[in-house]
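Have the picture open while you read.

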Amino acid sequence: MLTSGHTPPVDVTRVTGREVEISGRRAIQSKTDLAGFITQASRSLAEISGFSREELVGQPHNILRHPDMPDSIYYSMWKHLQAGDEFYGFTKNRAKNGDHYWVLARFAPIRGDGGIVGYTSARFLPQRDLIEQWERLYAEMRAAERDSGFDDERRFQPALALLERHIRSSGARDLSSLVLRSRA
Ligand SMILES: Cc1cc2nc3c(=O)[nH]c(=O)nc-3n(C[C@H](O)[C@H](O)[C@H](O)COP(=O)(O)O)c2cc1C
């Protein structure tokens with residue numbers, strides 16, 4: 001599986017169902033090394049997630065993972081990044097205390113001498129009325145992953161087909177344009 005594959009140092013399954021209130025239009029940023037370990041985190045990311053910047057830096061980025069996120073989204077994100085492409089996604093993240101927040105995220109490779117040296121991400125606030133749709137879609141995608149009958153990469157295909165169907169029914173050209181037009 002093309003994900004960071006590192007165990008986060010917190011119990012990412014503990015959730016409260018409460019949403020963190022986020023205000024303002026600041027970009028919420030972080031950078032990672034090639035394996036997805038956080039090398040930089042913005043003050044805004046620390047404030048929203050409830051982790052200090054010291055707690056974030058050096059940890060795998062799945063420290064912010066919310067169990068409602070389908071594996072196939074991160075599978076697709078890593079495939080894009082490792083191929084040198086950017087990726088846009090709707091992301092539900094878990095805060096340190098189990099609360100959550102929704103963001104739109106752009107993930108992109110950082111290039112240095114000799115190729116990709118790490119990854120960067122910036123997050124923005126989505127239009128509030130879209131969140132329920134994505135909650136529903138992600139629940140369907142997780143069910144499709146569970147029911148696929150495969151335990152290798154083939155298990156992502158039915159879930160990614162549901163994502164494609166959602167993109168088409170939204171009238172968007174692709175996921176990037178759908179995410180970009182969903183900013184608050
Ligand atoms: C630049 C960058 C930023 C990331 N930001 C997040 C994030 O905010 N939340 C998150 O759950 N995963 C994020 N990830 C993905 C994680 O590294 C990881 O793949 C994901 O949480 C799935 O966890 P798993 O690999 O344990 O399945 C990011 C990855 C990169 C490269």
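## The hairpin

β1 and β2 make a hairpin, with 5 residues between them, and G36 in that turn has a positive phi of about 90 degrees. Strands here are DSSP runs of E with at least two residues, helices are runs of H or I with at least four, and both are numbered from the N terminus. β1 covers residues 28–32 and β2 covers residues 38–41; they pair in the antiparallel sense over 3 bridges (pairing takes at least two bridges found by DSSP). Look across from K31 and you'll find Q40 in β2.

## A note on the model

This is a predicted model, where local features need pLDDT of at least 70 and side-chain atom pairs count only at pLDDT 80 or more, while totals for chains, interfaces and linings use all residues. Residue numbers start from 1 along each chain as its sequence is written.

## Two helices side by side

Now for α4 (residues 131–147) and α5 (residues 157–169): they pack at an angle of about 155 degrees, with axes 7 Å apart. Axes are lines fitted to C-alpha atoms, for helices over the stretch in contact, and angles run from 0 to 180 degrees between N-to-C directions. α4 and α5 are therefore roughly antiparallel (that label is for angles over 145; under 35 is roughly parallel, 65 to 115 roughly perpendicular, and the rest oblique).

Who touches whom? L137, E140, M141, A144 and E145 in α4 meet P158, A159, L162, L163 and H166 in α5, where contact means C-beta atoms, placed from the backbone, within 7 Å.

## After α5

G171 follows α5, and its phi is positive, near 75 degrees.

Technical notes: Two residues are in contact if their C-beta atoms, placed from the backbone, lie within 7 Å.
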